[in-house]
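Dear colleague,

Please find the structure for your review below.

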Amino acid sequence: MTRATRDRVWDAVPLRAAEHSFERLGEPPIAGGRLLDLGNLDAATEAQVLARLLSRDFDAWSEAAARVGHCARPVRLHGHSDTVDTRTGEVLSSFSSVESPLGVLHVRCGNRRATECSSCSRLYAADTFHLIRAGVTGGKGVPEQVGENPLVFATLTAPSFGLVHGIRGGRTCRPFTPQGQDRTCEHGRPTVCHARHGEGDELLGQPRCRDCYDYASHLVWQWWAPELWRRFTIDLRRALAKRFGVPESRLGELVTVQYAKVAEYQLRGIVHFHALIRLDGPKTDAGFASAPAGTSAALLATLVEQAAAGVAFDAPPLHEGDVVRRLRFGTQLDARPIAIARRTDDPDRALTPEQVAGYLAKYATKSATDSTNTDSPHARRLRATIVAVTERIHADARADDMPVREHPYGLLFKWRHMLGFRGHFSTKSRRYSMTLGQLRRRRVRYERALAAAHREGRTLDVRDLDDLLQDDTEETTLVIGHWTYAGTGWDTDGDTELAKAAAARAREYARQRAATRSEQRAATKSEPGTKSTVREEGSADE
């Protein structure tokens, strides 16, 4: 490896003046004193990082890491695969794990959570962004006229289970109590709060009195939140059928409802849903039909609010002797129409498709630990309630000689790390846009085309990539693999830290490029005679 290449690797992680780290390894310091900043690592991990950087097989390791996008916890596989022509049965090519840089095949972990793997979660967020945006403005195989259909951005929240501290738009948290209520609860704690909480305040989302807070109902609502969403979609279709005066069974002959939804944790440790809801025309094989005349985003927003306010579900008791709870969404419902247009420089527009798609994609990669302080007394009380409920369920199951899994809350303990939420964080209807699987298959086709171009020493023309958008093209080859699991993660903690550092550097570089492009577009907009062209390009590139 050349010194220039090694310098670029060292630049991928923070630096400090620690010449003794290299001196004890017999390696001269980098010119200018720019050395690795390993202050956040323990001594053992620091030694592993330095040993990898100075090892003979660092080139092979860096190639393997680059192939998986510097995934933090790649899956290691042993085995081989053959590419076969489906028409003739001829084996076109073969690949074995021994041909990989380190003698083992590494594949991405694919974890969507940024706390687990920043590289894979970034890729998941990018895929989700394009999936959501295509259902708003078209593209990626979705016709552009889909943007003319009524579209609503809806937020469905959880109800209150007790008073909690909040920002309240910069106002005092809770300066007074409703008429007839005392200024202290039955446990002697104040029900008012005159503080103005700011971002990062440890009190945000914490109950004013944990003894008054209904933790059991909180967990029941969280557990059945996916069911509430399912019933909401049913009620929305019923409201549409009533609006058009047709039986619900025939609604598909007039309109169809398509949506993309993500779940977000509030500070109090409970989810709420953000969704893009679109009204399409009659159900067809191709999908994306134009909405019938007379429908509008304002009408759809009204029906969304009515359906969300009316949905209800009677949850079964947590255990014997418990009560049946009627679950609903909270009163803070919001449904805003989105007007799709080519203009991206209108300061009066409340929402743009790119903003909404980016917003939903961001929350699709979050987990409970990203939005909620899981070490707070409130979060610990939630987990303690899950443990207590689980112990009671197991006791009842033993008494009734019934398998725990058959109990409605039998798997609650399995989801304690998600504070009782068991649903998918990102879901969509079938005909909202393309699927993540389609996007990933197109990426594989691109990588194959790029690899072939490199082998043949030619430049890959973007015009040669049109077939990537044809997801249903007939495949003439079949890949037959024989693989065995060899483990998960890199060999050492030092390798993991290097992969994380490289992924962080790539993310930073991407942000810098995006900022540069934005500055260039802003500068070009100010030039006379280029306004319309820039709008067209901006709406396609953002």
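The notes below begin with the basis of the model and then turn to the findings.

This is a predicted model, in which local features need pLDDT of at least 70 and side-chain atom pairs count only at pLDDT 80 or more, while totals for chains, interfaces and linings use all residues. Residues are numbered from 1 along each chain as its sequence is written, and side-chain values use heavy atoms, with hydrogens and water left out.

Helices are DSSP runs of H or I of at least four residues, numbered from the N terminus. The axes of helix α6 (residues 215-244) and helix α10 (residues 377-400), as lines fitted to C-alpha atoms over the stretch in contact, come within 10 Å and cross at roughly 75°. The two helices are therefore roughly perpendicular (65 to 115 degrees). In contact (heavy atoms within 4.5 Å) are Tyr-215, Ala-216, His-218 and Leu-219 of α6 with His-378, Arg-381, Leu-382, Thr-385 and Ile-386 of α10.

The whole structure holds 17 salt bridges, each a side-chain nitrogen of Lys or Arg within 4 Å of a carboxyl oxygen of Asp or Glu. One of them joins Glu-227 and Arg-231 (2.8 Å, N to O), which lie four residues apart in α6. Asp-280 and Arg-278 form another, at 2.7 Å between the closest N and O atoms, and both residues are buried. Finally, salt bridges link Arg-52, Asp-57 and Asp-495 in a network.

With kind regards

Conventions. Axes are lines fitted to C-alpha atoms, for helices over the stretch in contact, and angles run from 0 to 180 degrees between N-to-C directions. Angles under 35 degrees count as roughly parallel, over 145 as roughly antiparallel, 65 to 115 as roughly perpendicular and the rest as oblique. Buried means under 20% relative accessible area, exposed over 50%, partly exposed in between (1.4 Å probe, protein chains only).
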